[in-house]
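Please look over the model shown here and then go through the numbered remarks below it.

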Amino acid sequence: MGHIRGIFFEIKMIALDLDGTLLNSKKEVSDKTVEVLQRAAEREIYIVLATGRTVWGIQPLLKKLGCVRYAVMANGAIVKDLQTGELIEEHLLPAKQAIELYDYVKSKDIMFDFFADGVGYTEQAFYEYVKRVPVDEASRQMLIASRTPIISVRNYLSQTGDGVEKVNLLFADLELRKKIWDEMRERPNYTVTSSLAANLELNDKYATKGNGLRSLCRYLGIGMEHVMAFGDSYNDMNMLEEAGIGVAMGNASEEIKAAADVITLSNDEDGVADMVIRKLSVM
């Protein structure tokens with residue numbers, strides 16, 4: 001049950017971050033977790049993906065789960081009905097701002113890529129740079145598989161009249177990441193988050209997972225107090241704080257655990273399934 005100030009509410013939506021949360025360290029979802037979520041869906045509970053990924057990046061998972069209709073993507077930049085294709089909410093980072101970011105970091109030891117129209121784009125140099133980034137191998141392969149190479153990021157951004165869903169910065173040097181993090185958080189036009197210890201993610205100032213879920217709840221006619229949200233990283237924090245029940249994974253940072261209402265097992269221990277079973281008695 002959800003709760004606000006001692007009042008308890010029926011859970012009508014389960015919102016799930018992917019990497020480090022629903023997915024284990026091999027970037028897979030277990031059969032047990034799939035079964036538990038399908039049982040919850042049979043009880044007319046919405047199963048919603050709330051991810052930093054694009055629509056393209058969640059396709060294999062959608063097929064395996066078979067019970068997801070709505071998704072909050074690119075950290076809340078896109079909220080979509082995946083069945084009809086209806087765009088429920090959109091907060092794009094203007095192309096001009098993305099170009100300014102690119103020009104700012106291009107002379108530094110930082111790799112820049114961006115999401116637009118559901119696709120991740122990067123320059124060819126990314127594929128060499130990512131070898132130096134201090135992440136686990138499964139994350140490295142996910143980064144490689146989810147990017148499409150283009151000749152020039154700046155040219156692409158200059159020629160598009162539309163904005164971008166998200167800018168991603170990758171760092172081989174974590175001290176430089178900290179410096180850029182501090183600088184970017186002083187800029188009011190961006191939401192600055194992170195899903196890896198070696199990246200920063202920049203969105204439009206209104207694009208957050210919490211705002212995306214709120215828009216989806218408004219569209220579906222339910223309150224945020226009826227949401228149980230799961231996450232492990234900084235880009236999950238505001239949705240954990242705003243949901244009726246915010247659940248931090250056992251592998252989450254101490255900062256994320258402190259923001260949550262409850263802590264479950266790790267992503268390698270079926271933490272999502274364990275909490276859904278315990279809170280909703282779906283098995």
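The points that follow take up the nonpolar cores, the salt bridges, the cavity and the cysteines in turn.

1. On the basis of the model. This is a predicted model, in which local features need pLDDT of at least 70 and side-chain atom pairs count only at pLDDT 80 or more, while totals for chains, interfaces and linings use all residues. Residues are numbered from 1 along each chain as its sequence is written, and side-chain values use heavy atoms, with hydrogens and water left out.

2. On the nonpolar cores. A nonpolar core is a set of buried Ala, Val, Leu, Ile, Met, Phe, Trp, Tyr and Cys residues joined through side-chain atoms within 4.5 Å, where buried means under 20% relative accessible area, exposed means over 50% and partly exposed lies in between, with a 1.4 Å probe and protein chains only. The largest core holds 37 residues, and those that touch the most other members are Ile-14, Leu-22, Leu-49, Met-228 and Phe-230. Among the elements that each supply at least two residues of this core are strand E3 (13-16), helix H1 (31-42), strand E14 (227-231) and helix H11 (271-280); helices and strands here are DSSP runs numbered from the N terminus, with at least four residues of H or I for a helix and at least two of E for a strand. Helix H11 gives the largest share, 5 residues. A second, separate core has 26 residues, including Ile-99, Leu-101, Phe-112 and Trp-181. In soluble globular proteins, nonpolar side chains tend to be buried together.

3. With a salt bridge taken as a side-chain nitrogen of Lys or Arg within 4 Å of a carboxyl oxygen of Asp or Glu, the count comes to 19. Glu-35 pairs with Arg-39, their closest N and O atoms being 3.2 Å apart, and both residues lie in helix H1, 4 residues apart, about one turn of the helix. Glu-35 is partly exposed at 34% relative accessible area, and Arg-39 is partly exposed at 32%. In helix H5 (residues 137-145), Glu-137 and Arg-140 lie 3 residues apart, and this pair forms a salt bridge with closest N and O atoms 3.1 Å apart. Here Glu-137 is partly exposed at 44%, whereas Arg-140 is buried at 12%.

4. Which parts does the salt bridge of Asp-103 and Arg-154 tie together? The closest N and O atoms of Asp-103 and Arg-154 are 2.8 Å apart. Asp-103 lies in helix H3 (residues 95-105) and Arg-154 in helix H6 (residues 153-159), so the pair ties together parts that are 51 residues apart in sequence.

5. On the cavity. A cavity is a set of points, on a 1 Å grid over the protein atoms alone, where a 1.4 Å probe fits but cannot get out, and its lining residues have an atom within 4 Å of a point. There is 1 cavity of 30 Å³ or more, and about 40 Å³ of space lies in the largest cavity. Its lining is made up of Ala-116, Asp-117, Tyr-156, Thr-160, Asp-162, Gly-163 and Val-164.

6. On the cysteines. Taking a disulfide as a pair of cysteine sulfur atoms within 2.5 Å, the count is 0. For Cys-67, the nearest cysteine sulfur is that of Cys-217, 17 Å away. Cys-67 is buried at 17% relative accessible area, and Cys-217 is buried at 2%.

Methods: 1 Å grid on protein atoms, 1.4 Å probe; cavity = no way out; pocket = protein on both sides within 12 Å on 5 of 7 lines; lining within 4 Å. Points joined across faces, edges and corners; volume = space filled by probe spheres on them.
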